[in-house]
Amino acid sequence: IFEHPALVVIAKNSELAQQSYIEADQLNNSTCVLIAGQDIAESERNFYKSLLNFSGNFITTSIIASAVTYVIKDKGFMPNYFGIDAYHFYRDIITLLPVYIKNQPLCIKYSVFWNTEAETPILKHVREQLVNRIQSFLN
């Protein structure tokens, strides 16, 4: 459906915050802080290991404030969670940086698979609303 640049949240007082972007391999010396329930934590870790070619450590919490606290202590980074609302509250102490791999921006492609053969008029409306909301959220 759409493509979104991969971003990470880091502390504004971090040396990395002085850069205009961060190379994915620079993250390997940090801890990746994930916001996820225990039921999906392993799949989230696997996703970010693969996406970022990340070989560092992970911590997982389901509480945004705990994750941000860990980041602002300059102890790690947090992948930007698809429009994390917390950024607006914490923008004076954290920053978002785009992630690059070999000097090229890393983008995440989001797709939705939908069985249009079984789509009723109501489901078509729901699908269209979902696509519109996601696209407006990213703009």
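# A guided tour of the model

Colour the chain by secondary structure first. Along the sequence, the elements run β-β-β-β-α-β-α-β-α-β-β-β-α. That gives 4 helices and 9 strands. The model is a predicted one.

**The whole protein**

Zoom out and show C-alpha atoms alone. Taken along the principal axes, they fill a box of roughly 50 × 35 × 30 Å.

Next, draw the surface. The accessible area is about 8800 Å². Carbon and sulfur atoms own 51% of that area. Colour by burial instead, and 35% of the 139 residues come out as buried.

Then mark the charges. There are 11 positive and 13 negative ones. Their mean positions lie 2 Å apart.

**Stop 1: the aromatic pairs**

Select the aromatic rings. The structure holds 4 aromatic pairs. Two numbers matter at this stop: a ring pair is described by the distance of the centres and the angle of the planes.

Start with F47 and Y48. Their ring centres are 4.9 Å apart and their planes meet at 85°, so this pair is edge-to-face. The cut-off for that label is an angle over 60 degrees. F47 is partly exposed, at 37% relative accessible area. Y48 is buried, at 8%.

Move on to F54 and F58. This aromatic pair is edge-to-face too, with 5.1 Å from centre to centre and 80° between the planes. F54 is buried, with a relative accessibility of 5%. F58 is buried as well, at 17%.

Ring pairs link F54, F58 and F77 into a cluster.

**Stop 2: the cysteines**

How many disulfides does the structure hold? The count is 0. A disulfide is a covalent bond between the sulfur atoms of two cysteines. For C32, the closest cysteine sulfur is that of C107, and it lies 18 Å away, so the gap is too far for a bond. The cut-off for a disulfide is 2.5 Å. Seen from C107, the nearest cysteine sulfur is that of C32, again at 18 Å.

Compare the surroundings of the two residues. C32 is buried, with a relative accessible area of 0%. C107 is partly exposed, at 34%.

**Stop 3: N80, an asparagine in a loop**

Select N80. Its place is in the loop between β6 (76-79) and α3 (86-90). Is N80 buried or exposed? N80 is buried, with a relative accessible area of 14%.

Now show what surrounds N80. Leave out residues up to four places away in sequence, and N80 touches H4, L7, V8, V9 and L96.

**Stop 4: two positive phi angles**

The phi of N53 is near 50°, a positive value in a residue other than glycine. Back in the viewer, find N53 in the loop between α1 (41-52) and β5 (57-61). N53 is exposed, at 63% relative accessibility.

Now pick N103. Its phi is near 65°, again a positive value in a residue other than glycine. N103 lies in the loop between β7 (94-101) and β8 (104-105). N103 is exposed, with a relative accessible area of 51%. Exposed here requires over 50%.

**Stop 5: across to L123**

Finish at helix α4, residues 121-138, and select L123 within it.

How far apart are they? The separation is 33 Å, for residues 89 apart along the chain.

Notes:
Residues are numbered from 1 along each chain as its sequence is written. This is a predicted model: local features need pLDDT of at least 70, side-chain atom pairs count only at pLDDT 80 or more; totals for chains, interfaces and linings use all residues. Side-chain values use heavy atoms; hydrogens and water are left out. Rings of Phe, Tyr and Trp (its six-membered ring) pair if their centres lie within 6.5 Å; planes under 30 degrees apart count as stacked, over 60 as edge-to-face and the rest as tilted. Buried means under 20% relative accessible area, exposed over 50%, partly exposed in between (1.4 Å probe, protein chains only). Accessible areas come from the Shrake-Rupley method with a 1.4 Å probe; for residues, only the protein chains shown count as cover. Lys and Arg count as positive and Asp and Glu as negative; His and the chain ends are not counted. The place of a charge is taken as NZ of Lys, CZ of Arg, CG of Asp or CD of Glu. Contact means heavy atoms within 4.5 Å.
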